[in-house]
There are 2 protein chains.
Amino acid sequence: MNYESKLSCVARGIKSSIIRELLKVANDPGMISFGGGVPDPDTFPRHKMAEIAKDIIENEYKFVLQYGTTEGDQELMQGYIDLLKKYENIDWLNYDNMVITVGSQQALYLIGITLLDEESYCAVSRPIYLGAASAFVQRNPHFINVPLLKDGIDLDYLENELEKLKKEGNIDKFKFTYVVSNFHNPAGVSMGLEKRKKLVELAKKYDFLIIEDDPYGALRFEGEKVDTIYSLAPDRTILLNTFSKVLSPGLRLGVVIGPKEIVRRVTMVKQAADLATPSLTQRLAAKFINENDLMEEIKPTIKLYREKKDSMMKAMKKHLGDIKGIDWTYPEGGLFTWVTLPKEFDTMEMFEIAKKEKVLYIPGVAFYVDEPDKNTMRISFCLPTHEEIDEGMKRLRNSINKYAEQKGIEL
Amino acid sequence: MNYESKLSCVARGIKSSIIRELLKVANDPGMISFGGGVPDPDTFPRHKMAEIAKDIIENEYKFVLQYGTTEGDQELMQGYIDLLKKYENIDWLNYDNMVITVGSQQALYLIGITLLDEESYCAVSRPIYLGAASAFVQRNPHFINVPLLKDGIDLDYLENELEKLKKEGNIDKFKFTYVVSNFHNPAGVSMGLEKRKKLVELAKKYDFLIIEDDPYGALRFEGEKVDTIYSLAPDRTILLNTFSKVLSPGLRLGVVIGPKEIVRRVTMVKQAADLATPSLTQRLAAKFINENDLMEEIKPTIKLYREKKDSMMKAMKKHLGDIKGIDWTYPEGGLFTWVTLPKEFDTMEMFEIAKKEKVLYIPGVAFYVDEPDKNTMRISFCLPTHEEIDEGMKRLRNSINKYAEQKGIEL
């Protein structure tokens, strides 16, 4: 039968993740990958988790093997409330401010369903986190693509666009601004406190919600911790968090925190979407964070990533530093840096050369919902060894040289 | 701020599950509940599962604690392929015919997103499984509500409606017919083989897909096993299955099986919806079904449910049998029977009386996407003891008597 004719508009328009396709060669022999943003599995506290899992299945089976509520495990919520109190000075949270999701990806998807219609507007950064793009794009809203600067999105640009919307009479269709506040994926940049405050001012002035996605905040190597946007404006910010980068991505646990009116609707959408997050993974994480100091536990991980970031910054300076017009970001945490090559480059085209040189990166085109900047790429430093980082950068430089030669670009 | 103004049409239109609200009193002291369809947690193989969980977190942590693919764990898929070969004579499946979901609820939701637009048509039974209703309603399609008879949906009615659509020129917008083939929730009825074949004929004639939801098929107490609709027409049927009723609902594991062209699109929608089902729960189920004969394991559960069904049928005959015009279904498996009271009854209104009498059922209104039959109710026999079943039915009869008296209905 003609299956195509049975598909919805969403299904017909959907594209598979470019990253997924590109990363298929990541395991080729001899390949050095700066591609995936996956944590090193040896950083996961597997021994403790194994003991907890056995214990809760034996003794709390009436909870962990049974249907749970859509909102999520209150033991996990309590653990998270305690963490936010201790580390973020957020001390006003109740269970009805939270819903546990199947990873941050589900949170983004539910936010899209809960807030966006086709006629809605939302502001996102360019480049944008790929998972947010894929979630929001399914709702087919109007995007305001705000340039991402070294200290977060360009708020003057945003305000200018909001003014335009207001003049057109469409400002009431503007739903939210989406930001990754710390160590942006893919760009590696963070938003400073003054800018966070300014964003909150804009949110009040133009009456919109802020979606603050913060999967990497706990992975800070250096620099001062900055207050969450959520803590500056809890009545109009929805904070997304996840255990994927600090405990284990295989558990697929995220959390939506926000005004109870919004959280209630997100929960109702989730009820239709999957009824509930697995009870087992939730209780496992709950026990772990209640029995351990998560921030102490991840210190070795942070040290590991900081050292790799240092190696990466050193290697980039050494191998790429002399290229005229090149630019890259300096991450104070997280897993990524973002490289901008001279305008003439097309990193997707160059990818074939890099593959032959046995080095992988993610072409920047993956991270735009509008016309992409083709001369960009995302570089991750979390998985390769220090030696591989240096060698991989050398190979990347070779790829750049070969591409430049092919295209007649002067370096 | 005015949160309502920020919501999407979907979020504004959504209603919380009636069942959820009603079941809040299920744990009141002395209450006998025929409400929830949750399995008895003592039937879960917790000891074996505890051992497996510990083992895989210790030894397969690079898989179980790490991101997985959107399609799902191939070890689980293989286990499921083997099960379907052994018990359903389905021997043509490959990995690309399958995607693992967060319970059947996610499968239903993804099907809705993948196949339905606002202008689409789909056929469902009346009454309909509540979870399917909530998933499909979010897409706001046109529903053809087909009466559910004692042997499945009324195919003459369906054909008549399809003819109408054809005459109107809308038949190409008809996407699928959704059926629960075995031991329907809420109605307890099953579709016989001849009717399955007839449905397949209609699907070919009018070119539509069949969504066959089969969460209860393995819980057959009596009667002959019937071929799945999927096995009769694998090119135009999507089979949904789950581990919730045969292993544990807390794992939240379902599976979509169907033509690879459709499965691929469902997978792409899932990628945006939650990236992947947790690796841990998938591998845990995989090990369990690969190391045990699932059908042997659930024999005690089936015996338990059969005995409770027998008690329920006996109690219904004893306490309700003399009511003129009453009707109920006889389930050969699953967890439910469906009661139709005389036309004058409103089971939602009567619920308040029943609550005082300390017996719970689910009013039928929960199971319609069109104008409900208010005189219906769902009765579940899986959780109460044999004594409670008899006592609960006595209380239900008291409630019926009191309601009849209040309303001046002659019994």
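## Chain A overall

The radius of gyration here is taken over C-alpha atoms, and the globule rule is 2.2 Å times the number of residues to the power 0.38. For the 411 residues of chain A that rule puts a compact globule near 22 Å, and chain A agrees because its own value is 22 Å. The C-alpha trace of chain A spans about 65 × 60 × 60 Å along its principal axes, and 63% of the residues of chain A count as buried (under 20% relative accessible area, 1.4 Å probe, protein chains only).

## Ground rules

This is a predicted model, so local features need pLDDT of at least 70 and side-chain atom pairs pLDDT 80 or more, while totals for chains, interfaces and linings use all residues. Residues are numbered from 1 along each chain as its sequence is written, chains are lettered from A in the order written, and side-chain values use heavy atoms, without hydrogens or water.

## Where the chains meet

Now for the interface: 84 residues of chain B are in contact with 84 residues of chain A (heavy atoms within 4.5 Å). Together the two chains bury about 7,400 Å², 59% of it on carbon and sulfur atoms; that is accessible area (1.4 Å probe) lost on being put together, summed over both. On the chain B side, B:Y3, B:K6 and B:Y67 lose the most area to chain A, together 11% of what that side buries.

## Salt bridges

There are four salt bridges between chain B and chain A, counting a side-chain nitrogen of Lys or Arg within 4 Å of a carboxyl oxygen of Asp or Glu. A:E4 pairs up with B:R265 in a salt bridge, with the closest N and O atoms 3.5 Å apart.

Terms used
Buried < 20%, exposed > 50% of the residue type's maximum accessible area, 1.4 Å probe, protein only.
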